Structures are given as C-alpha cells and as structure tokens.
Amino acid sequence: MFGMLKLINPMLIFIAMILTFIASYTGLDLFTLVRSSERNRRFLFWGGTFSLGVGIWIMNFIGMLAININGSGNFHIPFTILSLILGIFFTGLAFYGVIDQELKRNQLWISSFFMTIAVLSTHITGLFAMKTSIHFNPTLFILATLIIFGTFIISLWMLFHSKTLSKFNEFWIKPISSLLITGAIIEGYLLLLRTSSDFYGASFENEVASSRSFLIYLVLFVSILFLSGLVGSRTVVGKRLADSDTYLKDIETALDVSAIVTITNSDGIITYVNDKFVEISKYEKDEIIGKTHQILNSNYHSKEFFRNLWNTVSSGNIWSGEIRNRSKDGRYYWVESTIVPFLNNDGKPYQFVSIRTDITALKTTEAHLKATIKEVGDIKFALDQSSIVAFTNEYGEITNVNDKFCQISKFGRDELIGQTHSLLNSGYHSKEFFKNLWITIRKGNVWKGEIRNRAKDGTFYWVDTTIIPFLDEYGKPYQYLAIRNDITEKKKNEQILHRQDKLAAVGQLAAGVAHEIRNPLTSIRGYTEFLQMDETNNERLEYFDIILDEISRLNNIVEDFMMLAKPKAVLLEEKNVVPILKNVLSLFELEASKKNVDFQFEPKVDEILVNCDENRLKQVFINFIKNAIDAMPAGGELIVNTIVLNNQVYISIEDTGIGIPPEKLKNIGEPFYTTKKNGNGLGLMVSFHIIESHNGKVNIESELNKGTKFIIELPVILD
C-alpha cells in the first residue's frame, strides 16, 4: 500500500479533485435550475447530467493515470469511453426522479443508489481500460460502497429534501452539497483503489514503467478538454439565459404597452411607474416617485376598503379588485387592479407590483346598461301593473305570461305555458278574423284590435289587443309580444249606451203612438163591454171575450210604450227576493204542467234582502220565466238558483230548451228584436231597463240545443 502511495502524483490528484468539484457544482447548479425553471428544462437536465457524469469519470481517469497503473501510455480506449458513458447514464437515472417532483424518502434512496452505481461502474470499467486484473477485498468493497452510498444520501437530502435547511440558508447548501458529492467520488476512488491494491498490492509495485512527459501531456489534454466542455456548457446556458432575459423584456414591453404598472416598497411608497401610468394619471414620473397611491385617491372608496386591501397584501396574499382613481387634471378613471406582494426569506413583503387595466369605458357602459336594465324593469313593472302581457314563439305557443294574464283568464301559469291562445277562444269571432290576424303579424306588421275571450270559469271578457312581432336578422318573426287591456266594462257601457240610444228613439215613438192609440182603445173597450152586456148568444160572447183580450194585449203594449216614453220614478223598498221568486213560479205552475216543464228551485238560504220595486221586479221574473217555458215546446226543466257572493245576489233562470244562436245572442234586449214568432222585442228590453234601474246587470249564456241561462245580478243588503 505504501509503495503504491509513493507512485501517486499529488499534483494530478489535486487537479482531478478541483475538476471534480467544478463539475459537481456545475451539475447541481443546472439540476436546481431544472426544478425552478419552466423553460429549457430538457437542455438543463442533460447539461447537469453530462457535467456530473464527467466529474465522476475524470476523478477515476486522472487518478488512474496518477499512479501509473500498467504504464501511463498503455490503456484501452473503448473501455475508457464506456466508463464515461456509464457515469453519465447512471447519473441521469439518479436525477431523473428528482427534478420533476418533491424528493420523497424512497426516491432519495433510489437516486443515491444510482449515483453509487455510477461511481462503481466508472471505477471498475476504468480499471479494465487500464488493462488491470481486478481483484477486490469483499469486506473493504462493501464498506467502501456503503460509505459512498451514505455520503450521496446526505448530500441529496441537504439539497433537495430538507425544507428546514433550505429555509435557514440557501446560499451555502449548494457548495456544501457539491463538496459532499465530490468527497463521495474521491472516497470511491481511494477506497476502491485501496480495496483492490491491498489484495493485489504486488502488482502495482512490480509493473511500474513511468513515462512522466507523456502523462503530463495527457492530463493536460484531458483537463483542457474538460474545462472547454464546462466553458461551452456555461456559454450555452448563458445564451439560454440571455434568451430568457429577452423573453422577460418582451413580456415587460407587452405589459408596458397594455397595462398600467407600478412598483412600491413595503411601506407603499412608489419606486417605479411605467409610461402607461404616466399617460392615464397625467402625473410625470418625478411627480409620482416617492409618493404613495394616496395622491390618486378619488374619495369614492371607504377607508375600510383600503384597510382590507392593505391587510391582504401585507399578509403576503394577492389582491384583485376595481378602484376608481382621480388623475392630476381631476378626471376620474376606473382600473381593474391586481397587487402582487414579493416576499423575502422571512415570508414578509419587501415590495408590491401593481398591474392595472383601464376599465373606464367598461364601467361607463356598465352604468348605462344598469340604467337601461332599470328602465326596462320599470317599463315591465308598469306593464305588469296595467296590462295583460303574453309572449309566444313563432308558432303561437305561449312562452311567458304575467300575473295580470293569469288573474283575468283564471288559468295558472303552468296551465298556459306551452298552449296557444285557442285555449281562450270564446267562439265569438270567426275563423276569418283569426286568419287575417295571423297573416298580418307573420308579415312582421303590428296588429291591433278587440277580442272577446273566455276565462277558465266560463265567463267572457273583452281585451283591447296589440300584437308586436319580434324579427330575426332575416326579417322573420321569432316571437310575438301581445299587450292587452281589459275593456270588458267599456264594452258593457257601450252596449248600455247603444240600448239607451235605441230606448230614446223608441221613447220618442212611444210618446206619439201611445197618445194616438190609447184614447181610441179606451173607446173601443168601453163600447165592446157595453155591447157584451146585452148579448145572450154564447158564441158571440166568446167573440167579445177574444176582442177584449186583444184590446188588453194592445193596451199592455201601449203601457210598455208609455213606460219607455216617460219612465216612472222607481220606489225601492227592502224586500226578500226568495218569496218573490216562489210567488212568480206559482203563477206558471199550470202552464208548466201543460207543457211538461218541471220546476227546480231550492234556495240555500230563505232570506236574501234587496232594495227593489217588487212589482217591477216581478215583471222581470215573469218575462224571463215565460220566455224559458216558451223555449221548451217539447218540455224540459226550468232551474232557478240564487247565490250570494261578494255582496251580490246572482239569480239564474236556466232552461233546457233550443238555445239561442251566437249571432242572435248579441242582439238580445234591443228594441223590436225577438226570437219568437209572436214577440215584439219590448219585453226583454223593458226587463233589462228595470234591472239597470235597480243598479243591477243581466248576463245571458246560451248554447244551441242545450239551453239558455239568464243571470240577474243585484246588490244585497248587508246585516
């Protein structure tokens, strides 16, 4: 052993150690860059692998040359290259699992194992390259391997695994780790050499044939080659870093063009602003540097707002939000701001970078949009309160209705959505009417008109309708908006006015006719009765009775005329309507029996008080009941009901007769309009007039071959 040590050239060993340390430091530097960089990762990995692999190889190669094994000029080139390749290969395997993730304990052992294999394979292959017989002491070989393995574990743990050491001081960890790895490589060289030399020490002393000049040139050549490789690697890395620097400058330029950038220190004092900041704030750089952002305060935000902002960034968190600032000329502008704190080793912010985007135009548009939405909302609210609104698609299917629509139609919203307006069809309008409506709106034109609809409970209501088509880019309707107003009362008032106009005309006629007819009728009746007194012939007496009946009938018509011409003052008294109805029905029992008509009247209450003129109210009931009986020539049922609802009594007189056609129903109650052969149309007109004088209404419902229902509505007297 001591003989071998005498043959070692200490200068070459020192050079090998220095080169190994440089290679180890360079390799670890590149590997740490791989873990922290997003760009050029593959290049940095291969550079680190090459540097550290060459460091392992060069220690063994120059070390072998330093002790002149088998002569300095006698070595095998392919095995020398193979030892270099094995060192690089196993080094790459060792660090492949380290660079992409946090180093775990099992990965630490695997990486240290491959580094140990790299040292062993390089040393053993190097011995083959020097054409040396290899014999190892097993005990010393295992001990040397464990020492190398343990040293690699410590160095990798310090560099990649220990968070405590990384936070404590990052500056000295990389050099110490490099020294440990260099030590592990040197230990591998010396201990493995010791293991082989102790067992075959004689071979080292008997086979020395030194040629120092060739050795020095060879070592010098390898050293220059190695240093050139490192310089080249650092040059390429420098170029890559320069490219990255250019990339960062491009990003900075892009930020300067598109964003407002400021940098402040930990106290919030501005240390840097870009040109975009100067442009929007109207302050020059020398006016803003050294100041705080308080100079831009617009007083729009509260103190609490800025306190929360400062607490967020002072805690090391990123803050994002919208801020309204005030420029030097007094103009207000809005910015979308992101404030990023930069932290020191203690986790405390040492500066803040604010990146802002001008959103003044966006905020202005947003304000206008909010105003427009509010205006639309107000219009919608006004429409919902005053009008009946419905939306339909291009096929007329209802897609939305407001509460007013549900209220008047008596349908729920879920019952209407998906249906068409035919659900409300009252049968009043013709098919041609709706056909013309659809032709108008499908052409993109607005349609206006009056429609009578039928509610869910069967009641009819009138609406003044405007249908507006919404057109797509091709000018075709894709939906319709129908705005309606309830004009049911208006239509009823129009009918009343129309009837009153006719009544006035009839009244004028009645004033003349009644005066001219009544006096002759009185004379005719008197002489007829006088002649009847002296007549004894029964056949002639029967004729006199017929004459007197017809005179009475004619006199009743004259009475109706007189009532229209000069209505009597209505004297209303509190009366119970139930016995009045029973009394009138009893008058028709005989006639009903002859015509096979059954009466049904079972009032739910025995007393319903109303203010009325009993005789005139009886006249109305008599007219309606007589008409009902006449409408059932083949017999049937006459149903009378009374219902008290909302301070009104509803008296319905319903027959099961032939019914009234829809086109005739709307004319019922007009003077001289009748559906009976012998009628004159004055009875119903007078009846309607009597009910209106009692502050009531008359509604008629009828279906052909099913019957007709007259509904009298009168106010009741509350207890």
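Lys595 is partly exposed, at 31% relative accessibility. Its side chain meets that of Glu591 in a salt bridge, 3.6 Å from N to O. Glu591 is partly exposed as well, with a relative accessible area of 23%. The model is predicted.

Counted by the rule of a Lys or Arg side-chain nitrogen within 4 Å of an Asp or Glu carboxyl oxygen, the salt bridges come to 19. Three of them are listed here.

| Salt bridge | N to O distance |
|---|---|
| Arg413 and Asp403 | 2.8 Å |
| Lys595 and Glu591 | 3.6 Å |
| Lys618 and Glu614 | 3.7 Å |

What does the bridge between Arg413 and Asp403 tie together? Arg413 lies in helix H16 (residues 413-416), and Asp403 lies in helix H15 (residues 403-409), so the pair links parts ten residues apart in sequence. Arg413 is partly exposed at 34% relative accessibility. Asp403 is exposed, with a relative accessible area of 55%.

The pair Lys618 and Glu614 sits within one helix, H22 (residues 614-630). Glu614 is partly exposed, with a relative accessible area of 26%.

Other bridges share partners. They join Glu322, Lys363, Glu366 and Lys370 into one network.

Glu539, Glu542, Asp545, Asp549 and Glu550 form a negative patch. One of these, Glu542, is found in helix H19 (residues 538-565). Patch members have no salt bridge and over 30% relative accessible area.

Technical notes. Residues are numbered from 1 along each chain as its sequence is written. This is a predicted model: local features need pLDDT of at least 70, side-chain atom pairs count only at pLDDT 80 or more; totals for chains, interfaces and linings use all residues. Side-chain values use heavy atoms; hydrogens and water are left out. Patches are made of residues with over 30% relative accessible area and no salt bridge: like charges are joined within 9 Å, nonpolar side chains (Val, Leu, Ile, Met, Phe, Trp, Tyr) within 5 Å. Accessible areas come from the Shrake-Rupley method with a 1.4 Å probe; for residues, only the protein chains shown count as cover. Lys and Arg count as positive and Asp and Glu as negative; His and the chain ends are not counted. The place of a charge is taken as NZ of Lys, CZ of Arg, CG of Asp or CD of Glu. Helices (H or I, at least four residues) and strands (E, at least two) are DSSP runs, numbered from the N terminus. Buried means under 20% relative accessible area, exposed over 50%, partly exposed in between (1.4 Å probe, protein chains only).
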